[in-house]
Amino acid sequence: MTNTTTHTTGTTTTATATAAAHTDGAAVTPGIAAAEAGRTRLDFGKSARKAFRALVGFDAAAREGVDPALVELIQIRASHLNHCAYCLHMHTNDARKAGESEDRLHMVPVWREARHFFTSREQAALALTEAITRVADGGVPDDVYAEAAARFDDEELAQVIAVICTINTWNRVALATGKVAGTDERP
C-alpha cells in the first residue's frame, strides 16, 4: 500500500501521489483560525514554485520502496527534534490513519527507553534520523551508521537517508514560513 501523504506549503499544488504535503489550509478550530489569520510569512509553494516542485519530487522519490510505517516514524522523530509542530501534527495523524498504535506514537520520543515497541530496523532508522537531524552536533557517528547499514541493504539505506533529508527540509520550510499546526487541508 502506498502512503499518499502530500507536503504542500502553499496554495493548491498538484503533487505526485506519494509526495508529502504541507498545505496552508482552512482552520480546524477558532484558535487555529486566529493563528493562521495572523500569519504574515510567505507562501513557499507559490513564491518558490520550482524549488517547491523539486522538493515534492525528491520527497516522492525518497519514499519509494520504504515501508510507509517507517517513513512516518522517521518523519515524527525528526519533527520532534526540530520542534516542528506543523509536521508533527500532520505525521502523527497520518500514522494513526495508517493503523499505527497510540502506544508506539507516544514512545517515539523515548524510543531508546522503550525499545521493545520498535523493531531493530526501526530502532536503527530512528537512531540514524537523530544523528542526521542533529548533524551539527558531531556528525553521524560510525556506530550509528554501521547499525543502520547492518539492518538495511545499500538501496534501502539510501532511501532511508533520503526520507530523513526530506523531512528535515520540510521541517525547515514549515518553521521558516510560520506554518500553524492543525491547518493541514488534505482530503
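The text moves from the whole chain to its details.

This is a predicted model, in which local features need pLDDT of at least 70 and side-chain atom pairs count only at pLDDT 80 or more, while totals for chains, interfaces and linings use all residues. Residues are numbered from 1 along each chain as its sequence is written, and side-chain values use heavy atoms, without hydrogens and water.

The protein has nine helices and zero strands (DSSP runs numbered from the N terminus: H or I of at least four residues for helices, E of at least two for strands). Of its 187 residues, 47% are buried (under 20% relative accessible area, with exposed over 50% and partly exposed in between; 1.4 Å probe, protein chains only). Among contacts (heavy atoms within 4.5 Å) with a separation of 6 or more, 68% are between residues 24 or more positions apart.

Helix 9 covers residues 154–176 and reaches 33 Å from its first C-alpha to its last, close to the 33 Å expected at 1.5 Å a residue (1.5 Å times one less than the number of residues). Its buried residues include Leu157, Ile164, Trp170 and Val173. The buried residues of helix 9 pack against helices 2, 3, 4, 5, 7 and 8. At the start of helix 9, a side-chain oxygen of Asp153 comes to within 3.1 Å of the backbone nitrogen of Glu155. Just after helix 9, Gly178 has a positive phi of about 70 degrees.

Tyr145 lies in helix 8, residues 142–151. Tyr145 is partly exposed, at 40% relative accessible area.

How values were computed: A polar contact is a pair of N or O atoms within 3.5 Å; within protein, one must be able to donate a hydrogen and the other to accept it, and residues adjacent in sequence count only if both atoms are side-chain atoms.
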